[in-house]
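Student: I've got a structure open and I'd like to talk it through. Can we start with the pockets?

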Amino acid sequence: MSEQWLTTLITDTPQAGFELAITLSRRGVKTTQPDVEVLKKLRNVYANDADSLTAASQVIAINFQTIAAANNYWRS
């Protein structure tokens, strides 16, 4: 991973923070499984599994907690 794409966790709004949390989560999956064909092959499996979807939501929530803390919970 030589490309620097994440320069800050600071966002203007909670919604932008949530969108960043989703991006972090998706990039984590892509980094863990870099083979696009495997990702496409498995997508239908986890997309229709409640436990997998719950786990994905949990990862997003954890990333959002981190971003919210970095933004002092958007308090001025």
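Student: What volume does the largest pocket have?
Tutor: Keep in mind that this is a predicted model. The lining of the largest pocket takes in 16 residues, with Ser25, Arg26, Val29, Tyr46 and Ala56 nearest its centre. As for its volume, that comes to about 540 Å³.

Student: Which element gives the largest share of the lining of the largest pocket?
Tutor: Helix H1 (14–32), helix H2 (36–47) and helix H3 (50–70) each give two or more residues to that lining. The largest share is 6 residues, and it comes from H3.

Student: Is Val45 buried or exposed?
Tutor: Val45 sits in helix H2. The relative accessible area of Val45 is 57%, and the cut-off for exposed is over 50%. So Val45 counts as exposed.

Student: What share of the 76 residues of the protein chain count as buried?
Tutor: For the overall picture, the chain has 3 helices and 0 strands, running α-α-α from the N terminus on. Its C-alpha atoms fill a box of roughly 45 × 35 × 15 Å along the principal axes. Buried calls for under 20% relative accessible area, and the share of residues that count as buried is 16%.

Technical notes:
Residues are numbered from 1 along each chain as its sequence is written. This is a predicted model: local features need pLDDT of at least 70, side-chain atom pairs count only at pLDDT 80 or more; totals for chains, interfaces and linings use all residues. Side-chain values use heavy atoms; hydrogens and water are left out. On a 1 Å grid over the protein atoms alone, a cavity is a set of points where a 1.4 Å probe fits but cannot get out, and a pocket is an open set with protein on both sides within 12 Å along at least five of seven lines; lining residues have an atom within 4 Å of a point. Grid points are joined across faces, edges and corners, and a volume is the space filled by probe spheres set on the points. Helices (H or I, at least four residues) and strands (E, at least two) are DSSP runs, numbered from the N terminus. Buried means under 20% relative accessible area, exposed over 50%, partly exposed in between (1.4 Å probe, protein chains only).
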